[in-house]
Amino acid sequence: MHITDILVTGEPIIYGAMVSMALGGLAILFVLTYFKKWKWLWREWLTSVDHKKIGVMYILSALLMLFRGGVDAMMMRVQLAFPDLGFLNSQHYNEIFTTHGTIMIIFMAMPFLIGLMNIIVPLQIGARDFAFPYLNALSFWSFFFGMALFNISFVIGGSPDAGWTSYTPLSGAAMSPGPGQNFYLMGLQLSGIGTLATGINLMVTILKMRAPGMKLFHMPIFTWSTLVTCFIIVFAFPILTVALALLTIDRIFGAQFFTLTGEGLPMMWANLFWMWGHPEVYIVILPAFGIFSEVIATFAKKRLFGYNVMVWSMIVIALLSFLVWVHHFFTMGAGAFVNSVFSVSTMLIAVPTGVKIFNWLATLYKSKIEFTVPMLWSLAFIPSFILGGVTGVMLGMAAADYQFHNSYFLIAHFHYVLIAGTVFACFAGLVFWYPKMFGHKMNERLGRWAFWLFFFGFHVCFFPQYFLGLDGMPRRLFITNVAEWLPLNVISTVGAVGMALGFVVFVYNVYYSFRYSERETTGDSWNGNGRTLEWATTTPVPYYNFATVPYVDEIDPYVRMKEEGKTTFEEDEVKPIHMPSYTGQPFIFMALLGLASFGLIFEWMYLAVFGLIGGVVMMIRRSFDYDDGYYVSVEEIKETEKKARGL
Amino acid sequence: MAAEELKTGPLEYRTQEGQMSIMGFWIFLGAEVVLFATLFATYAVLFGRTADAPLPSELFEPGIVLIMTFLLLTSSFTCGLAIHEMRRGSVKGLIFWMVITLALGLGFLGFEIYEFVHYAHEGATLQSSAFWSAFFVLAGTHGLHVTLGIGWAILLLIQIKQRGLTNVTSRKFFIISLYWHFLDVIWIFIFTSVYLIGMVI
Ligand code: HEM
Ligand SMILES: [Cu+2]
């Protein structure tokens, strides 16, 4: 096989991307070598099993993916505002909307939230790490290599182009030959393993490693949302695993699950995909709800209104989320009865969701609100998300959905829930917990600029799309020079530019704050308003998290601890702390599986088998690995704590 | 984490680490249930879609499948005996029954491979129709699990030879026994809803 058969050629934009990727890669190599950072990178990061570091790596990757997905989005918006310019051709447009959607959901939203969970959940429940730190590192690297695979597709082999939903028969071997679709399948499969493992890991962590005395109904609400999300992950992800595997077997080994020959059933893909896909949208929204609840309670300086109801509504949402998947293809012809059933179940979800909205409002009611940047994101979320939810209910009416389906109305709906919900929450959570992670806050003034640019940009971008949809503009269309649609498309693109600017300011703020922000001196960063245990640790958080774990028997334990002058360092109670050792195995293991996936993508079976054998060898090594960590001595703990607390 | 250790109760439950691993594995089995449920659902949806390939009723025969069922059910029983011996503190008994379990599992696999080859000769392959795709992937996924289980158990047998019964080794054996029983349960579903129904209809 010749190199030009593998590399994508003939597209100026892709040549540009190749050059910039190569240059970026070289720059990184150069910097690491020049500053002699290779060892540091391996020792401190790549081999880390510390949940805080893994969380940071998740968030960095997610920000990178937000950038990549954002570039895709900007290219689509340029094409739609200037359809006559010939900026993108149809093939390229197809590839871009496919990678945009997949990246944003799988490689941006989920890892961002999982990154926050990684860092915060153990701190909120008074744990020293995850239940299975090794497995946690494995999860991260499986996500990382899955992401890397998916992203190289556009320069090597060609991107997938059948949409993030990858409907058969279009995505089958007959109509999408070549490696593109395989990149989608293997990239998602590999990272999906990690997501499932994280689900199990966090579930055990939360169920088994809480501080003494802390009952389930004493847990911070973000931890609760994580637990419920993990439940959805554990029961939804295997469905995706199977769906992806079946399509892979179809494409590579010639099976007939979703084909038009051999009595295959293409519609079964839509069912399997959405049986995972709808729960998936709740996987990315429930943690967001959790983050908003924390932020709102903190800056309204009140206990969250209706804590129990908040928890139960999440549980109800999680259960319902498995019962509505057909609403994604009402038009496929399942019949009036089936459609009606799923229409009703869909609308039912709005009830617990509405309950949550009222609880947030009630928390804010008559409170002294402090308008910090995380609070701005949270306050903006409420009305924006309502617009997304209400239009969701409209889409849920099967008869009406025959009009809305696959139009820009639908596009506007899910961007209203995903951006105003998930993305706002990621920003809110990152800014809120930033001092815990990095020892300094993000600059407030720049933060407000980023917020307002992004917020207005978002509404200007997506509000017109509801009307474009009502005017009949279909999704996934690259020639849109219908006079009636053009003005709204231009406005929408202007909004997109606003969002892009907001993102740029946000990233600049990371750099700016690193240089100029004041370093934190206490652990309770937000003017002493912290309510939960993560604020009781010092900043930066010592690697063992808690010198002594406090006894907890209420919601918001840190409020009382402060009143009573208690800390997470009771000097005479310090005992040696058991910690897991760092290891490079997860990295190597997943790199090998990434290699195997790469082989499968190009159907180079020798490479695939080689990678798989490597993976098996790594598992065997792990089985014989009896390293059970080490103990941190009492002296070291005391010294660290005294220094951090200025005692 | 591993700091406190109970003095009574089964070895595998004495450390918090052991308890967490076992709980994690139970949750993992929950995910496995969903995985197999999806495969069963796929099989049910594709039932009867044989295209030009033979019908299942033409190929499925009670003989071999009954033997396979017998082998696997017995292996589940001997696996239970192995854990019983482990709880009594007998490494010898554990190894003895575990080896028998593996032998039975290998026998099961041998028959399954024979059966697959036989079907392929009769013109029913992964590629021949949607129904047969679903059949081979469902039964094959189970078979793959059995294979992995055998490999895994061999590793554990080496470890018990090296280390004897400890909190860790007994936890590992307990977990693999859960896995093995789980595969047995899945097989019962395959036996009834795939083979028995396939023979009749
Ligand atoms: C009140 C709650 C909600 C209701 C009633 C609802 C309803 C719907 C319906 C009926 C559709 C299908 C429309 C069609 O294809 O014609 C849809 C699509 C979608 N929804 Fe929602 N939704 C809700 C909340 C959410 C949330 C919270 C998210 C994610 C955070 C979300 C993400 C999506 C996505 C991504 C799609 C489109 C997927 C695609 O076709 O590419 N929805 N929603
Ligand atoms: Cu849905």
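The exercises follow, after two notes on conventions.

This is a predicted model, in which local features need pLDDT of at least 70, side-chain atom pairs count only at pLDDT 80 or more, and totals for chains, interfaces and linings use all residues. Residues are numbered from 1 along each chain as its sequence is written, chains are lettered from A and ligands numbered from 1 in the order in which they are written, and side-chain values use heavy atoms, with hydrogens and water left out.

**Exercise 1. Describe the fold of chain B.**

Step 1: Start with secondary structure, where helices (H or I, at least four residues) and strands (E, at least two) are DSSP runs numbered from the N terminus. Chain B has six helices and zero strands.

Step 2: Turn to the extent of the chain. Along the principal axes, the C-alpha atoms of chain B fill a box of roughly 65 × 30 × 25 Å.

Step 3: Check burial, with buried meaning under 20% relative accessible area, exposed over 50% and partly exposed in between (1.4 Å probe, protein chains only). In chain B, 53% of the 201 residues count as buried.

Step 4: Look at contacts, meaning heavy atoms within 4.5 Å. Of the contacts in chain B between residues at least 6 apart in sequence, 77% join residues at least 24 apart.

**Exercise 2. Classify the ring pair Tyr43(B) and Phe131(B).**

Step 1: Recall the rule: rings of Phe, Tyr and Trp (its six-membered ring) pair if their centres lie within 6.5 Å, and planes under 30 degrees apart count as stacked, over 60 as edge-to-face and the rest as tilted. Over all chains there are 97 aromatic pairs.

Step 2: Apply the rule. The ring centres of Tyr43(B) and Phe131(B) are 5.4 Å apart and the planes meet at 50°, so this pair is tilted.

Step 3: Tyr43(B) belongs to helix H1 (residues 16-46) of chain B and Phe131(B) to helix H5 (residues 130-163), so the pair ties together parts 88 residues apart in sequence. Both Tyr43(B) and Phe131(B) are buried.

**Exercise 3. Characterise the interface of chain B and chain A.**

Step 1: Count the residues in contact: chain B gives 40 and chain A gives 35.

Step 2: Take the buried area, the accessible area (1.4 Å probe) that two parts lose on being put together, summed over both. Chain B and chain A bury about 3300 Å² between them, with 73% of it on carbon and sulfur atoms.

**Exercise 4. Compare the surroundings of Glu641(A) and Leu477(A).**

Step 1: Locate them. Glu641(A) is in helix H20 (residues 634-645) of chain A, while Leu477(A) sits in the loop between helix H15 (444-470) and helix H16 (486-516) of chain A.

Step 2: Read the accessibility. Glu641(A) is buried at a relative accessible area of 2%, whereas Leu477(A) is partly exposed at 29%.

Step 3: List contacts, leaving out residues up to four places away in sequence. Glu641(A) touches Thr538(A), Pro542(A), Tyr544(A), Ala547(A) and Phe569(A). Leu477(A) is in contact with Leu80(A), Tyr93(A) and Trp485(A).
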